[in-house]
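Thanks for sending this one over. Here are some notes to read with the model open beside you.

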Amino acid sequence: CSDQLADQVGWPAALALVVAQALMAVSPLPSQIVAVPIALTYGFWEGVALIWTGWMLAAVLQYWLSRRTADDIELKLLADRTPQWLRRFPADHPLFLILARQLPIGPHIVNITAGVLHIPLRRHLWCAAIAVVPEAVLVSGIAVGIFR
(Lines give C-alpha, C1' and ligand atoms only; values in the text may rest on other atoms or scores of the structure.)
Protein backbone atom coordinates (compact mmCIF):
# COMPACT_ATOMS: atom_id res chain seq x y z
CA CYS A 1 0.00 0.00 0.00
CA SER A 2 2.77 2.46 0.90
CA ASP A 3 4.61 1.51 -2.30
CA GLN A 4 1.54 2.45 -4.35
CA LEU A 5 1.13 5.75 -2.50
CA ALA A 6 4.85 6.54 -2.80
CA ASP A 7 4.66 5.83 -6.53
CA GLN A 8 1.66 8.14 -6.86
CA VAL A 9 3.13 11.11 -4.99
CA GLY A 10 6.73 10.54 -6.09
CA TRP A 11 10.02 11.71 -4.71
CA PRO A 12 9.41 15.43 -5.29
CA ALA A 13 6.74 15.12 -2.60
CA ALA A 14 9.31 13.46 -0.33
CA LEU A 15 11.62 16.43 -0.80
CA ALA A 16 8.80 18.85 0.00
CA LEU A 17 7.87 16.85 3.11
CA VAL A 18 11.49 16.78 4.32
CA VAL A 19 11.76 20.55 3.94
CA ALA A 20 8.40 21.02 5.70
CA GLN A 21 9.55 18.74 8.51
CA ALA A 22 12.81 20.67 8.89
CA LEU A 23 11.01 24.00 9.04
CA MET A 24 8.55 22.59 11.54
CA ALA A 25 11.43 21.22 13.64
CA VAL A 26 13.06 24.64 13.78
CA SER A 27 9.80 26.13 15.02
CA PRO A 28 8.31 25.40 18.44
CA LEU A 29 5.73 23.10 16.80
CA PRO A 30 6.18 19.30 16.91
CA SER A 31 7.74 18.11 13.67
CA GLN A 32 6.33 14.63 14.21
CA ILE A 33 3.17 16.05 12.61
CA VAL A 34 5.05 15.85 9.30
CA ALA A 35 7.26 12.86 10.17
CA VAL A 36 4.33 10.46 10.63
CA PRO A 37 2.88 11.06 7.14
CA ILE A 38 6.37 10.59 5.70
CA ALA A 39 6.62 7.12 7.25
CA LEU A 40 3.06 6.27 6.22
CA THR A 41 3.69 7.32 2.64
CA TYR A 42 7.16 5.89 2.06
CA GLY A 43 7.26 2.94 4.48
CA PHE A 44 9.47 2.16 7.44
CA TRP A 45 13.04 2.28 6.06
CA GLU A 46 12.50 5.09 3.59
CA GLY A 47 10.58 6.88 6.33
CA VAL A 48 13.52 6.56 8.72
CA ALA A 49 15.90 7.94 6.08
CA LEU A 50 13.63 10.85 5.17
CA ILE A 51 12.77 11.72 8.77
CA TRP A 52 16.47 11.59 9.69
CA THR A 53 17.25 13.89 6.75
CA GLY A 54 14.59 16.37 7.83
CA TRP A 55 15.90 16.54 11.38
CA MET A 56 19.49 16.88 10.18
CA LEU A 57 18.45 19.76 7.94
CA ALA A 58 16.73 21.34 10.95
CA ALA A 59 19.90 20.91 13.03
CA VAL A 60 21.91 22.79 10.41
CA LEU A 61 19.30 25.53 9.99
CA GLN A 62 18.88 26.16 13.71
CA TYR A 63 22.65 26.04 14.29
CA TRP A 64 23.27 28.53 11.50
CA LEU A 65 20.45 30.86 12.58
CA SER A 66 21.58 30.93 16.22
CA ARG A 67 25.25 31.37 15.28
CA ARG A 68 24.42 34.21 12.93
CA THR A 69 22.13 35.85 15.50
CA ALA A 70 24.76 35.55 18.23
CA ASP A 71 27.32 37.19 15.94
CA ASP A 72 24.91 39.92 14.90
CA ILE A 73 24.01 40.94 18.44
CA GLU A 74 27.47 40.22 19.83
CA LEU A 75 26.46 37.77 22.53
CA LYS A 76 30.14 37.40 23.39
CA LEU A 77 29.77 40.55 25.46
CA LEU A 78 27.48 38.62 27.80
CA ALA A 79 30.23 36.11 28.62
CA ASP A 80 31.53 38.35 31.41
CA ARG A 81 28.11 38.18 33.08
CA THR A 82 27.78 34.40 32.81
CA PRO A 83 28.06 32.65 36.20
CA GLN A 84 31.33 30.76 36.74
CA TRP A 85 29.60 27.39 37.23
CA LEU A 86 27.85 27.75 33.87
CA ARG A 87 31.10 28.61 32.08
CA ARG A 88 32.53 25.27 33.20
CA PHE A 89 29.64 23.35 31.61
CA PRO A 90 31.05 21.24 28.74
CA ALA A 91 28.52 22.21 26.06
CA ASP A 92 30.91 21.10 23.32
CA HIS A 93 31.23 17.57 24.74
CA PRO A 94 29.73 14.84 22.52
CA LEU A 95 27.74 13.41 25.44
CA PHE A 96 25.91 16.71 25.85
CA LEU A 97 25.45 17.12 22.10
CA ILE A 98 23.98 13.61 21.79
CA LEU A 99 22.16 12.96 25.07
CA ALA A 100 20.59 16.38 25.60
CA ARG A 101 18.92 16.00 22.21
CA GLN A 102 16.84 13.17 23.70
CA LEU A 103 15.02 15.57 26.07
CA PRO A 104 11.62 16.95 24.99
CA ILE A 105 13.00 20.33 23.83
CA GLY A 106 16.55 19.04 23.65
CA PRO A 107 17.12 19.49 19.91
CA HIS A 108 16.36 23.21 20.20
CA ILE A 109 18.64 23.56 23.24
CA VAL A 110 21.51 21.68 21.58
CA ASN A 111 21.25 23.39 18.18
CA ILE A 112 21.02 26.89 19.65
CA THR A 113 23.77 26.27 22.22
CA ALA A 114 26.09 24.86 19.55
CA GLY A 115 25.50 27.84 17.29
CA VAL A 116 25.83 30.51 19.97
CA LEU A 117 29.00 28.97 21.43
CA HIS A 118 30.52 28.40 17.97
CA ILE A 119 30.94 24.70 18.52
CA PRO A 120 32.47 23.41 15.28
CA LEU A 121 29.78 22.53 12.74
CA ARG A 122 31.44 19.20 11.99
CA ARG A 123 31.21 18.10 15.65
CA HIS A 124 27.63 19.33 15.89
CA LEU A 125 26.66 17.40 12.75
CA TRP A 126 28.18 14.05 13.62
CA CYS A 127 26.68 14.20 17.12
CA ALA A 128 23.29 15.16 15.66
CA ALA A 129 23.54 12.35 13.10
CA ILE A 130 23.91 9.82 15.90
CA ALA A 131 21.32 11.39 18.21
CA VAL A 132 18.57 11.65 15.58
CA VAL A 133 18.58 7.95 14.64
CA PRO A 134 16.64 6.57 17.65
CA GLU A 135 13.76 9.02 17.30
CA ALA A 136 13.60 8.60 13.52
CA VAL A 137 13.34 4.82 13.98
CA LEU A 138 10.80 5.20 16.78
CA VAL A 139 8.53 7.65 14.94
CA SER A 140 8.66 5.68 11.70
CA GLY A 141 8.03 2.39 13.51
CA ILE A 142 5.10 3.73 15.52
CA ALA A 143 3.54 5.38 12.46
CA VAL A 144 3.83 2.28 10.31
CA GLY A 145 2.80 -0.04 13.16
CA ILE A 146 -0.25 1.89 14.36
CA PHE A 147 -1.70 3.11 11.11
CA ARG A 148 -1.25 -0.07 9.02
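The points below go from the overall fold to the cores, an aromatic pair and a pocket.

1. **Overall fold.** Please keep in mind that this is a predicted model. The protein has seven helices and zero strands, so a walk along the sequence gives the pattern α-α-α-α-α-α-α. Of the contacts between residues at least 6 apart in sequence, 75% join residues at least 24 apart.

2. **Surface and interior.** The protein has 148 residues, and 36% of them are buried. Its accessible surface is about 8,900 Å², with carbon and sulfur atoms accounting for 70% of that area.

3. **The largest nonpolar core.** In soluble globular proteins, nonpolar side chains tend to be buried together. Here the largest nonpolar core holds 23 residues, and I38, L50, I51 and W55 have the most contacts inside it. Four helices each supply at least two residues of this core: α1 (2-26), α2 (32-42), α3 (44-72) and α7 (121-146). The biggest contribution, seven residues, comes from α3.

4. **A closer look at I38.** Which residues does I38 contact, leaving aside its neighbours within four places in sequence? They are L17, V18, Q21, G43, G47, L50 and I51.

5. **A second core.** There is also a separate nonpolar core of eleven residues. Among its members are Y63, L97, C127 and A131.

6. **The aromatic pair.** How many aromatic pairs turn up in a search of the whole structure? The search finds one. The ring centres of F44 and W45 are 4.7 Å apart and the planes meet at 80°, so this pair is edge-to-face; the cut-off for that label is an angle over 60 degrees. Are the two partners buried or exposed? F44 counts as partly exposed because its relative accessibility is 25%, while W45 is exposed, with a relative accessible area of 64%.

7. **The second largest pocket.** This pocket has a volume of about 380 Å³. It is lined by 20 residues, and S31, Q32, P104, P107 and E135 are the closest to its centre. Helices α3, α6 (106-116) and α7 each supply at least two residues of the lining.

Notes. Residues numbered from 1 in each chain as written. Heavy atoms only, no water. Buried < 20%, exposed > 50% of the residue type's maximum accessible area, 1.4 Å probe, protein only. Contact = heavy atoms within 4.5 Å. Areas by Shrake-Rupley, 256 points an atom, 1.4 Å probe, with all protein chains shown as cover. Phe/Tyr/Trp six-rings, centres within 6.5 Å; stacked < 30°, edge-to-face > 60°. Core = buried A, V, L, I, M, F, W, Y, C linked by side-chain atoms within 4.5 Å. 1 Å grid on protein atoms, 1.4 Å probe; cavity = no way out; pocket = protein on both sides within 12 Å on 5 of 7 lines; lining within 4 Å. Points joined across faces, edges and corners; volume = space filled by probe spheres on them.
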